[in-house]
Amino acid sequence: ELLSCVGRIFDLFGFYEPLKFGLRLLVQQCLKLGWKESLPLETREAAARQVAKVNSCPMWQYPRFLAHPQGGTLWCFSDASSQGYGYVIYYEDLLLFGRCKVLSTHRTIVDGELQALYELAKALPKVITHLDRKLDIRMLTDSNINLNRLQKSPNDHPIKEARRLMYIPRVANQFGACFHHIEGKANPADFFSRPGEVENMSKWAALDVDTIRSKMSGPVAAKM
């Protein structure tokens, strides 16, 4: 029944991902139970609260056409927490696409931040394909550790990490994207790495571009 609740939420572009994330965490907890075991009362009550939260969401109004047809900035953010990791993409101040996933218990936040950046790099070509215009692409993370990794040879890392560290700058180079550091509190992907609240929807629904420009670093050169 809990899996059915998650599956019934049709959210193609990921606008409600932070609100669905709490349900995904509960599903992860349930996977530790035997298939025939009943859900503990505490889990059932938590699930009911999460479903009520999703059902209380306001309708999301979205324009049928994107502004700035001649071109604009594609802002791409990634982040991770002890619970999950995610990314979100904006065209100028308009949210285009976002995703968040539960972080495995054996992985660190730094692992999650690299995975979030990798997932963002995988999604980027698909998003760009649907935007027939000139784009200034910015990829932002608050992980200095992973930005430093991108500036060094991937050969200095274990093979799984190395593959990601090779793939991310290759995609960025393909589309002329620049890497930047962003202050953690200004990173909208923070909402996509942990359970969200309905009252915070306005904080990830639209991007304050002026604030982002004031909180981000200059371009960070990645090693190819």
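This is a predicted model: local features need pLDDT of at least 70, side-chain atom pairs count only at pLDDT 80 or more; totals for chains, interfaces and linings use all residues.
Modeller: Local features here need pLDDT of at least 70 and side-chain atom pairs count only at pLDDT 80 or more, while totals for chains, interfaces and linings use all residues. Residues are numbered from 1 along each chain as its sequence is written, and side-chain values use heavy atoms, with hydrogens and water left out.

Colleague: Why is the pair of Phe-13 and Phe-15 called stacked?

Modeller: Rings of Phe, Tyr and Trp (its six-membered ring) pair if their centres lie within 6.5 Å; planes under 30 degrees apart count as stacked, over 60 as edge-to-face and the rest as tilted. By this rule there are six aromatic pairs. The centres of Phe-13 and Phe-15 are 5.7 Å apart and their planes meet at 25°, so the pair is stacked.

Colleague: What makes Phe-15 buried or exposed?

Modeller: Buried means under 20% relative accessible area, exposed over 50%, and partly exposed in between (1.4 Å probe, protein chains only). Phe-15 has 8% relative accessibility and therefore counts as buried, whereas Phe-13, at 41%, is partly exposed.

Colleague: Which nonpolar surface patch includes Phe-13?

Modeller: Phe-10, Leu-12 and Phe-13 make a nonpolar surface patch of about 380 Å². Patch members have over 30% relative accessible area and no salt bridge; like charges are joined within 9 Å, and nonpolar side chains (Val, Leu, Ile, Met, Phe, Trp, Tyr) within 5 Å. The accessible areas come from the Shrake-Rupley method with a 1.4 Å probe, and for residues only the protein chains shown count as cover. Leu-12 is placed in the loop between α1 (2-7) and α2 (17-30); helices (H or I, at least four residues) and strands (E, at least two) are DSSP runs, numbered from the N terminus.

Colleague: What is the geometry of the pair formed by Phe-192 and Trp-204?

Modeller: Phe-192 and Trp-204 are 6.3 Å apart, centre to centre, with 75° between the planes, and the pair is edge-to-face. Phe-192 lies in the loop between β5 (178-181) and α7 (201-205) and Trp-204 in helix α7, so the pair ties together parts 12 residues apart in sequence. Phe-192 is buried at 0% relative accessible area, and Trp-204 is buried at 0% as well. Ring pairs link Phe-191, Phe-192 and Trp-204 into a cluster.

Colleague: How do you know that Arg-99 and Glu-17 form a salt bridge?

Modeller: A salt bridge is a side-chain nitrogen of Lys or Arg within 4 Å of a carboxyl oxygen of Asp or Glu. The closest N and O atoms of Arg-99 and Glu-17 are 4.0 Å apart, and the two form a salt bridge. This pair links distant parts of the chain, with Arg-99 in strand β3 and Glu-17 in helix α2, 82 residues apart. Arg-99 is partly exposed at 24% relative accessibility, whereas Glu-17 is buried at 1%. Glu-17, Lys-20, Arg-24 and Arg-99 are linked in a network of salt bridges.

Colleague: How many salt bridges are found in the whole structure?

Modeller: The search finds 10 salt bridges. Among them, Arg-194 and Asp-190 meet at 2.8 Å, N to O.

Colleague: In what sense do strands β2 and β3 pair?

Modeller: Two strands pair if DSSP finds at least two bridges between them. Strands β2 (residues 84-91) and β3 (residues 94-102) pair in the antiparallel sense over eight bridges. Gly-86 stands opposite Cys-100 in β3. The hairpin of β2 and β3 has two residues between the strands, and Glu-92 takes a positive phi near 55° there.
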